[in-house]
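This report describes a predicted model.

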Amino acid sequence: MTISSSLWSFALVVGLLTLTPGLDTALILRTAALGRRRGAWGVVLGIQAGTLVWGALTSLGVTAVLTASHLAYEVLRWAGAAYLVWMGARMLIGTFRRETAPMPEDSVLEDRVLEDTVARGFRQGLTTNLLNPKVGAFYVAVLPQFIPAGAAPLAMGVLLASVHVALGLIWSTVLVAFARVLRERLRTARARRLLDRVTGTVIAAFGVRLALGD
(Lines give C-alpha, C1' and ligand atoms only; values in the text may rest on other atoms or scores of the structure.)
Protein backbone atom coordinates (compact mmCIF):
# COMPACT_ATOMS: atom_id res chain seq x y z
CA MET A 1 0.00 0.00 0.00
CA THR A 2 1.39 3.40 -1.03
CA ILE A 3 0.98 6.55 1.06
CA SER A 4 -1.38 8.00 -1.55
CA SER A 5 -3.68 4.97 -1.65
CA SER A 6 -3.57 4.77 2.14
CA LEU A 7 -4.75 8.37 2.48
CA TRP A 8 -7.58 7.92 -0.01
CA SER A 9 -8.76 4.67 1.57
CA PHE A 10 -8.67 6.16 5.05
CA ALA A 11 -10.52 9.25 3.81
CA LEU A 12 -13.34 7.03 2.55
CA VAL A 13 -13.66 5.23 5.89
CA VAL A 14 -13.57 8.30 8.13
CA GLY A 15 -15.66 10.27 5.62
CA LEU A 16 -18.55 7.89 6.16
CA LEU A 17 -17.95 8.06 9.90
CA THR A 18 -17.98 11.87 9.82
CA LEU A 19 -21.33 11.96 8.02
CA THR A 20 -22.93 9.68 10.59
CA PRO A 21 -24.98 11.79 13.06
CA GLY A 22 -23.65 11.57 16.59
CA LEU A 23 -22.63 13.48 19.66
CA ASP A 24 -20.33 15.86 17.76
CA THR A 25 -23.13 16.76 15.35
CA ALA A 26 -25.54 17.46 18.21
CA LEU A 27 -23.06 19.72 20.02
CA ILE A 28 -22.16 21.75 16.93
CA LEU A 29 -25.75 22.20 15.78
CA ARG A 30 -27.01 23.19 19.21
CA THR A 31 -24.25 25.72 19.84
CA ALA A 32 -24.49 27.30 16.39
CA ALA A 33 -28.30 27.33 16.33
CA LEU A 34 -28.35 29.34 19.56
CA GLY A 35 -26.36 32.06 17.83
CA ARG A 36 -23.06 31.19 19.48
CA ARG A 37 -20.97 31.37 16.34
CA ARG A 38 -17.64 31.70 18.13
CA GLY A 39 -18.59 28.96 20.58
CA ALA A 40 -19.65 26.67 17.73
CA TRP A 41 -16.30 27.04 15.99
CA GLY A 42 -14.61 26.54 19.33
CA VAL A 43 -16.46 23.22 19.68
CA VAL A 44 -15.41 22.26 16.14
CA LEU A 45 -11.75 23.09 16.78
CA GLY A 46 -11.80 21.27 20.12
CA ILE A 47 -13.24 18.13 18.57
CA GLN A 48 -10.68 18.18 15.76
CA ALA A 49 -7.82 18.81 18.22
CA GLY A 50 -9.00 15.75 20.12
CA THR A 51 -8.93 13.76 16.88
CA LEU A 52 -5.31 14.77 16.28
CA VAL A 53 -4.42 13.76 19.85
CA TRP A 54 -6.03 10.33 19.40
CA GLY A 55 -4.18 9.90 16.10
CA ALA A 56 -0.83 10.79 17.65
CA LEU A 57 -1.39 8.62 20.72
CA THR A 58 -2.42 5.68 18.56
CA SER A 59 0.70 6.05 16.44
CA LEU A 60 2.81 6.04 19.61
CA GLY A 61 1.01 2.95 20.86
CA VAL A 62 -0.35 4.70 23.95
CA THR A 63 -4.02 4.10 23.16
CA ALA A 64 -3.31 0.36 22.89
CA VAL A 65 -3.51 0.49 26.69
CA LEU A 66 -7.26 1.08 26.34
CA THR A 67 -7.69 -2.25 24.61
CA ALA A 68 -5.06 -4.13 26.61
CA SER A 69 -6.08 -2.84 30.04
CA HIS A 70 -9.67 -3.38 31.06
CA LEU A 71 -9.23 -1.07 34.06
CA ALA A 72 -7.89 1.83 31.97
CA TYR A 73 -10.73 1.51 29.50
CA GLU A 74 -13.33 1.34 32.26
CA VAL A 75 -11.97 4.41 34.04
CA LEU A 76 -12.07 6.46 30.85
CA ARG A 77 -15.48 5.07 29.91
CA TRP A 78 -17.07 5.99 33.23
CA ALA A 79 -15.43 9.41 33.25
CA GLY A 80 -16.79 10.08 29.77
CA ALA A 81 -20.24 8.78 30.67
CA ALA A 82 -20.39 10.94 33.81
CA TYR A 83 -19.32 14.02 31.84
CA LEU A 84 -21.95 13.50 29.14
CA VAL A 85 -24.75 12.83 31.63
CA TRP A 86 -23.72 15.92 33.60
CA MET A 87 -23.67 18.06 30.43
CA GLY A 88 -27.06 16.79 29.27
CA ALA A 89 -28.63 17.15 32.72
CA ARG A 90 -27.33 20.70 33.03
CA MET A 91 -29.00 21.63 29.73
CA LEU A 92 -32.29 20.06 30.82
CA ILE A 93 -32.26 21.68 34.27
CA GLY A 94 -31.47 25.03 32.68
CA THR A 95 -34.59 24.87 30.51
CA PHE A 96 -36.84 24.39 33.55
CA ARG A 97 -35.15 27.29 35.34
CA ARG A 98 -35.73 29.56 32.35
CA GLU A 99 -39.33 28.36 32.15
CA THR A 100 -40.01 29.81 35.61
CA ALA A 101 -38.42 33.16 34.71
CA PRO A 102 -40.84 36.07 34.12
CA MET A 103 -40.53 36.09 30.32
CA PRO A 104 -43.41 35.76 27.82
CA GLU A 105 -43.38 32.44 25.98
CA ASP A 106 -43.23 34.04 22.55
CA SER A 107 -40.85 36.86 23.39
CA VAL A 108 -37.96 37.25 20.97
CA LEU A 109 -34.55 36.76 22.55
CA GLU A 110 -31.68 39.13 21.92
CA ASP A 111 -29.03 38.08 19.41
CA ARG A 112 -26.30 38.85 21.95
CA VAL A 113 -25.38 35.65 23.77
CA LEU A 114 -23.37 35.45 26.97
CA GLU A 115 -20.17 33.46 27.08
CA ASP A 116 -19.94 33.12 23.31
CA THR A 117 -16.20 32.46 23.19
CA VAL A 118 -13.98 30.20 21.15
CA ALA A 119 -12.10 29.11 24.28
CA ARG A 120 -15.25 27.91 26.07
CA GLY A 121 -16.40 25.94 23.03
CA PHE A 122 -12.91 24.54 22.50
CA ARG A 123 -12.78 23.17 26.04
CA GLN A 124 -16.18 21.54 25.61
CA GLY A 125 -15.34 19.96 22.25
CA LEU A 126 -11.89 18.75 23.35
CA THR A 127 -13.13 17.28 26.63
CA THR A 128 -16.03 15.51 24.95
CA ASN A 129 -13.75 13.96 22.35
CA LEU A 130 -10.93 12.89 24.67
CA LEU A 131 -13.29 11.36 27.23
CA ASN A 132 -14.86 9.10 24.62
CA PRO A 133 -12.91 5.82 24.73
CA LYS A 134 -14.74 4.59 21.64
CA VAL A 135 -12.85 7.15 19.56
CA GLY A 136 -9.58 5.75 20.92
CA ALA A 137 -10.72 2.18 20.34
CA PHE A 138 -11.67 3.07 16.74
CA TYR A 139 -8.23 4.52 16.06
CA VAL A 140 -6.47 1.56 17.65
CA ALA A 141 -8.46 -0.85 15.47
CA VAL A 142 -8.38 1.10 12.19
CA LEU A 143 -5.38 3.44 11.99
CA PRO A 144 -2.56 0.82 11.98
CA GLN A 145 -4.12 -0.85 8.94
CA PHE A 146 -3.53 2.29 6.87
CA ILE A 147 0.12 2.86 7.81
CA PRO A 148 2.22 1.54 4.89
CA ALA A 149 5.20 -0.66 5.61
CA GLY A 150 8.34 1.40 6.05
CA ALA A 151 6.50 4.64 6.86
CA ALA A 152 7.26 6.49 10.10
CA PRO A 153 4.32 5.51 12.39
CA LEU A 154 3.98 8.85 14.20
CA ALA A 155 4.25 11.03 11.10
CA MET A 156 1.89 8.80 9.11
CA GLY A 157 -0.56 8.53 11.97
CA VAL A 158 -0.73 12.31 12.35
CA LEU A 159 -1.10 12.66 8.58
CA LEU A 160 -4.02 10.22 8.54
CA ALA A 161 -5.63 11.96 11.51
CA SER A 162 -5.21 15.25 9.64
CA VAL A 163 -7.29 13.81 6.80
CA HIS A 164 -9.99 13.04 9.35
CA VAL A 165 -9.71 16.58 10.72
CA ALA A 166 -9.97 18.12 7.24
CA LEU A 167 -13.14 16.17 6.47
CA GLY A 168 -14.51 17.05 9.90
CA LEU A 169 -13.91 20.76 9.29
CA ILE A 170 -15.67 20.63 5.91
CA TRP A 171 -18.69 18.84 7.37
CA SER A 172 -18.74 21.16 10.39
CA THR A 173 -18.87 24.16 8.05
CA VAL A 174 -22.01 22.69 6.49
CA LEU A 175 -23.53 22.08 9.93
CA VAL A 176 -22.82 25.62 11.13
CA ALA A 177 -24.31 27.07 7.93
CA PHE A 178 -27.41 24.89 8.35
CA ALA A 179 -27.73 25.98 11.97
CA ARG A 180 -27.78 29.62 10.87
CA VAL A 181 -30.93 28.83 8.92
CA LEU A 182 -32.47 27.27 12.02
CA ARG A 183 -31.51 30.27 14.11
CA GLU A 184 -34.40 32.37 12.83
CA ARG A 185 -36.78 29.68 14.05
CA LEU A 186 -35.13 29.63 17.46
CA ARG A 187 -35.50 33.26 18.44
CA THR A 188 -38.25 32.63 20.97
CA ALA A 189 -37.76 31.39 24.52
CA ARG A 190 -40.03 28.41 23.86
CA ALA A 191 -38.08 27.29 20.78
CA ARG A 192 -34.75 27.55 22.55
CA ARG A 193 -36.00 25.56 25.51
CA LEU A 194 -37.18 22.86 23.13
CA LEU A 195 -33.77 22.74 21.41
CA ASP A 196 -31.94 22.44 24.73
CA ARG A 197 -34.31 19.72 25.93
CA VAL A 198 -33.83 17.68 22.77
CA THR A 199 -30.05 18.17 22.74
CA GLY A 200 -29.73 17.60 26.49
CA THR A 201 -31.67 14.35 26.20
CA VAL A 202 -29.52 13.18 23.27
CA ILE A 203 -26.25 13.96 25.07
CA ALA A 204 -27.39 12.34 28.33
CA ALA A 205 -28.54 9.29 26.34
CA PHE A 206 -25.07 9.02 24.78
CA GLY A 207 -23.65 9.09 28.32
CA VAL A 208 -25.99 6.37 29.55
CA ARG A 209 -25.23 4.26 26.48
CA LEU A 210 -21.51 4.69 27.08
CA ALA A 211 -21.94 3.69 30.73
CA LEU A 212 -23.85 0.57 29.71
CA GLY A 213 -21.08 -0.30 27.27
CA ASP A 214 -23.33 -0.42 24.21
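## A buried arginine

In which helix is R30 found? In this predicted model, R30 belongs to helix α2, which covers residues 23-33. The relative accessible area of R30 is 10%, and because buried means under 20% relative accessible area, R30 counts as buried. Setting aside residues up to four places away in sequence, R30 touches R36, M91, L195, D196 and T199.

## Nonpolar cores

The largest nonpolar core comprises 22 residues, and those with the most contacts inside it are L27, I28, L84, M87 and I203. Two or more residues are given to this core by each of α2, α3 (37-60), α5 (70-99), α8 (153-183) and α9 (189-212). For L84, when its neighbours within four places in sequence are left aside, the residues in contact are L23, T128, I203, A204, F206, G207 and L210.

## The pairing of α1 with α7

Helix α1 (residues 3-19) and helix α7 (residues 133-142) have axes that come within 13 Å and cross at roughly 155°. Since angles over 145 degrees count as roughly antiparallel, α1 is roughly antiparallel to α7. The crossing in which α1 passes α7 is right-handed.

On the α1 side the contact is made by F10, V13, V14 and L17, and on the α7 side by F138, Y139 and V142. Sorted by class, this contact of α1 with α7 has 7 nonpolar residues, with no polar and no charged ones.

Technical notes
Residues are numbered from 1 along each chain as its sequence is written. This is a predicted model: local features need pLDDT of at least 70, side-chain atom pairs count only at pLDDT 80 or more; totals for chains, interfaces and linings use all residues. Side-chain values use heavy atoms; hydrogens and water are left out. Axes are lines fitted to C-alpha atoms, for helices over the stretch in contact, and angles run from 0 to 180 degrees between N-to-C directions. Helices (H or I, at least four residues) and strands (E, at least two) are DSSP runs, numbered from the N terminus. Angles under 35 degrees count as roughly parallel, over 145 as roughly antiparallel, 65 to 115 as roughly perpendicular and the rest as oblique. A crossing is left-handed if the near helix is turned anticlockwise from the far one by less than a right angle, and right-handed if clockwise. Contact means heavy atoms within 4.5 Å. Ala, Val, Leu, Ile, Met, Phe, Trp, Tyr, Cys and Pro count as nonpolar, Asp, Glu, Lys and Arg as charged, and the others, Gly among them, as polar. Buried means under 20% relative accessible area, exposed over 50%, partly exposed in between (1.4 Å probe, protein chains only). A nonpolar core is a set of buried Ala, Val, Leu, Ile, Met, Phe, Trp, Tyr and Cys residues joined through side-chain atoms within 4.5 Å.
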